[in-house]
Amino acid sequence: MTHPLAAPAPALLPELLPYHRMARVSARHRWWRPVLGTGFVAVACVLVAGLLYALGSALGAARGYPEAADGTVEFGPVPGTALDLLAIASAIPVVLLAVRWAGRRPAGTVSSVTGGLRWPWLGRCVLVALPVLAVTTGAMLLLPTDDAAPSRWAGWEVFGPALAMLVVLVPLQAAAEEYVFRGWLTQAVGAFLRSPWWALVPQAVLFAAAHGWGTPWGFADLALYGVVAGRLTVRTGGLEAAIGLHAVNNLLAFGVSAAVVDGLKSDDTAADAPWQVVALDLVGIALYAAAVLWLARRHPPTRTVPAPAPTPVPVPPPWPFPGPHPQSHAARVPVSWAPVPVPAPYADRTDAPGLPPGAAPCTPPPPGDTGLPPR
């Protein structure tokens, strides 16, 4: 029996959800929703990209573009690169739809724990990435190459339009890859496992595999990038740090390619990088991660959100009366303890109060008469 003067038990605080556990921020979360959403993202991304390529090919054939050796339409380096970037960028609405439809939660919860991209924080991350990656990219250009043919400047008439296209589309392409791998896949695995490392490793391996099988060094570089970008995402509570690093890196890489003749025609990716390039790339990634973590300590972004409160169990009414949960029997049936006056019958008879009209009054029997009938 609880002592009447005992202090009440403190209320339990809600669980704080980090970024990789955001699939559980919805009260309608079920174990099968991340599985269903992953299948939807995989199929829908392929279908939407295939549809864009089909529409582009039809438009190119109608406008008289030549046919390439593989049967596709040869748009040229700038339009062809734009179509490739758009096909990858189409994954952004697919992921947002999966979060909203399959996850039954706000679409912005895949961007950050606050429910959307934090643009000031993204701007800080971009400003950190620009000088760091500019130095490492410049160092890569100084590395000796095995290519006998020297690179030639493409000219502003080629580089200008290409750069304008890249500035618009490369951030979308980089963000789309982050939404798929550091976003959806990280949160899908994190819905089952509390440790962030179990959620970060699978997406990093899949991210490296999605770029193709080149050199072992290139694969390792992409996998390590995926782990670092994922860790920054969990540590800062959103995709902004990963998007800033990815967008600046790709913009510099595509910009260098666009500056030389036929540079955008190359099919090489980061998976084909030699060990010298990988070493410089990892140095840039480490410096960027250290700078972002330092910045996150100076200006801490929101990292967690409270989990939804459990649905209260309905309490049955204490008495079997209809109506919305009566508090007590006394609350539904009023009881009065004051005596209720009852009028005396026939009290208006003056000759014999209490008798009905026409009734003879009762007279006492004479002395000696008991009033009983004779025997």
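Modeller: Start with P306, which sits in strand β2, residues 305–306. Strands are DSSP runs of E with at least two residues, helices are runs of H or I with at least four, and both are numbered from the N terminus. The model is predicted, so local features need pLDDT of at least 70, side-chain atom pairs count only at pLDDT 80 or more, and totals for chains, interfaces and linings use all residues. Residues are numbered from 1 along each chain as its sequence is written, and side-chain values use heavy atoms, with hydrogens and water left out.

What does P306 touch, once its neighbours within four places in sequence are left aside? P306 is in contact with P14, E15, L16 and V25. Contact means heavy atoms within 4.5 Å. Take L16 from that list: 290 residues separate L16 from P306 along the chain, yet their C-alpha atoms are 4.5 Å apart. P306 has 47% relative accessibility, so it counts as partly exposed. Buried means under 20% relative accessible area, exposed over 50%, and partly exposed in between, with a 1.4 Å probe and protein chains only.

Now step back to the whole chain. It has 10 helices and two strands. The order from the N terminus is β-α-α-α-α-α-α-α-α-α-β-α. Of its 375 residues, 36% count as buried. Take the contacts between residues at least 6 apart in sequence: 78% of them join residues at least 24 apart.

R104 is in the loop between α3 (91–101) and α4. R104 is not a glycine, but its phi is positive, about 55°. R104 is partly exposed, at 33% relative accessibility. D262 lies in the loop between α8 and α9 (275–298). D262 is not a glycine either, and its phi is positive, about 60°. Its relative accessible area is 48%, so D262 is partly exposed.

Next, the empty space. Rolling a probe the size of a water molecule over the atoms shows where empty space is left. On a 1 Å grid over the protein atoms alone, a cavity is a set of points where a 1.4 Å probe fits but cannot get out; a pocket is an open set with protein on both sides within 12 Å along at least five of seven lines; lining residues have an atom within 4 Å of a point. Points are joined across faces, edges and corners, and a volume is the space filled by probe spheres set on them.

The structure holds one cavity of 30 Å³ or more. The largest cavity has a volume of about 50 Å³. Its lining is A23, H29, R33, P34, G103, R105, W184, Q187 and A188. The largest share, three residues, is from α5. By class, the lining has four nonpolar, three polar and two charged residues. Ala, Val, Leu, Ile, Met, Phe, Trp, Tyr, Cys and Pro count as nonpolar; Asp, Glu, Lys and Arg as charged; the others, Gly among them, as polar.

Turn to the second largest pocket, with a volume of about 220 Å³. I92, L117, W119, L122, V126, P171, L172, A175, Y179, I243, G244 and A247 line it. At least two lining residues come from each of α4 (119–141), α5 (156–190) and α8 (240–259). α5 gives the largest share, four residues. The lining of this pocket has 11 nonpolar residues, one polar and no charged.

Follow α8 to its contact with α7. The axes of α7 (residues 216–236) and α8 come within 7 Å and cross at roughly 145°. Axes are lines fitted to C-alpha atoms, for helices over the stretch in contact, and angles run from 0 to 180 degrees between N-to-C directions. On the α7 side the contact uses Y225, A229, L232, T233 and T236, and on the α8 side A241, A242, L245 and H246. Six of the residues in this contact are nonpolar, three polar and none charged.

Last, the aromatic rings. The whole structure has eight aromatic pairs. The ring centres of W153 and W156 are 5.6 Å apart and the planes are at 75°, so this pair is edge-to-face. Rings of Phe, Tyr and Trp (its six-membered ring) pair if their centres lie within 6.5 Å; planes under 30 degrees apart count as stacked, over 60 as edge-to-face and the rest as tilted. W153 is partly exposed at 48% relative accessibility, and W156 is exposed at 59%. W153 also pairs with F159, tilted, at 5.5 Å centre to centre and 55° between the planes. F159 has a relative accessible area of 12%, so it is buried. W153, W156 and F159 form one aromatic cluster.
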